[in-house]
Amino acid sequence: MTASPTAQHVSPAERTGARTAEAADVITGARERIDALDDRIIGLIQERMAVSAVIQEARITSGGRRVNLSREMEVLGHYSEALGRPGTSLAMTLLELCRGRI
């Protein structure tokens, strides 16, 4: 078994799976953009979690329940309509993250 080359010794084409240097440049630039988008998405999810915690606290303090199932169904419908079946899965994960421990 041979040791894998370090990142320093791997060409951009090898790192990206591209067959040409031009394609490797495009892929590298696009991956940088995706990484920046992922950072923004994570930040937005963290912000959504904080806002959700405020809502839950207000609801509980007023004598209500932590989770509003009809609202969760609205969120599921919104994501499903926009993104199809994967949107439903994404919304379920997002709701789970934002609910906190039940």
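Reader: Why is Leu 94 called buried?
Author: Buried means under 20% relative accessible area. Leu 94 has 8%, so it counts as buried. Keep in mind that this is a predicted model.

Reader: Where does Leu 94 sit, and what is it in contact with?
Author: Leu 94 lies in helix 4. Leaving aside neighbours within four places in sequence, its contacts are Ile 45, Arg 48 and Tyr 79. Take Arg 48: it is 46 residues from Leu 94 in sequence, yet their C-alpha atoms are 9.0 Å apart.

Reader: How do you know that the length of helix 4 fits a helix?
Author: Helix 4 covers residues 85–99, which is 15 residues.

Reader: Which residues of helix 4 are buried, then?
Author: Gly 87, Ala 91, Leu 94, Leu 95, Cys 98 and Arg 99. Down the helix axis they fall within an arc of 125°, so they line one face of helix 4. As background, an α-helix has 3.6 residues a turn, so residues three or four places apart point the same way.

Reader: What is on the other side of helix 4, and what does the buried side pack against?
Author: On the other side, Arg 85, Pro 86 and Glu 96 are exposed. The buried residues pack against helix 2 (21–61) and helix 3 (69–83). After helix 4 comes Gly 100, with a positive phi near 75°.

Reader: A glutamate next: what makes Glu 72 count as buried?
Author: The cut-off is under 20%, and Glu 72 comes in at 12% relative accessibility, so it is buried. Glu 72 is found in helix 3. Setting aside neighbours within four places in sequence, Glu 72 is in contact with Val 67, Leu 95 and Arg 99. Leu 95 and Arg 99 are among the buried residues of helix 4.

Reader: How does the reach of helix 2 compare with what is expected?
Author: Helix 2 has 41 residues and reaches 60 Å from first C-alpha to last, close to the 60 Å expected at 1.5 Å a residue. Its buried residues include Ala 24, Ser 52 and Gln 56. Helix 1 (12–16) and helix 4 are included in what covers the buried residues of helix 2. Just after helix 2, Gly 63 takes a positive phi of about 95°.

Reader: Zooming out, which elements make up the chain?
Author: Four helices and zero strands, running α-α-α-α from the N terminus.

Reader: How does the radius of gyration of the chain compare with that of a compact globule?
Author: A compact globule of 102 residues would have a radius of gyration near 13 Å, but this chain has 21 Å. The C-alpha atoms fill a box of roughly 60 × 30 × 30 Å along the principal axes. Of the 102 residues, 16% count as buried. The accessible surface is about 8,300 Å², with 59% belonging to carbon and sulfur atoms.

Reader: And what share of contacts joins residues at least 24 apart?
Author: Among contacts between residues at least 6 apart in sequence, 36% join residues at least 24 apart.

Reader: How confident is the predictor in the chain, and which helix has the lowest mean pLDDT?
Author: The chain averages a pLDDT of 90, and 90% of the residues score at least 70.

Conventions: Residues are numbered from 1 along each chain as its sequence is written. This is a predicted model: local features need pLDDT of at least 70, side-chain atom pairs count only at pLDDT 80 or more; totals for chains, interfaces and linings use all residues. Side-chain values use heavy atoms; hydrogens and water are left out. Helices (H or I, at least four residues) and strands (E, at least two) are DSSP runs, numbered from the N terminus. The expected span of a helix is 1.5 Å times one less than its number of residues. Buried means under 20% relative accessible area, exposed over 50%, partly exposed in between (1.4 Å probe, protein chains only). The arc is that of the directions from the helix axis to the C-beta atoms. Contact means heavy atoms within 4.5 Å. The radius of gyration is taken over C-alpha atoms; the globule rule is 2.2 Å times the number of residues to the power 0.38. Accessible areas come from the Shrake-Rupley method with a 1.4 Å probe; for residues, only the protein chains shown count as cover. pLDDT is the predictor's confidence in each residue, from 0 to 100.
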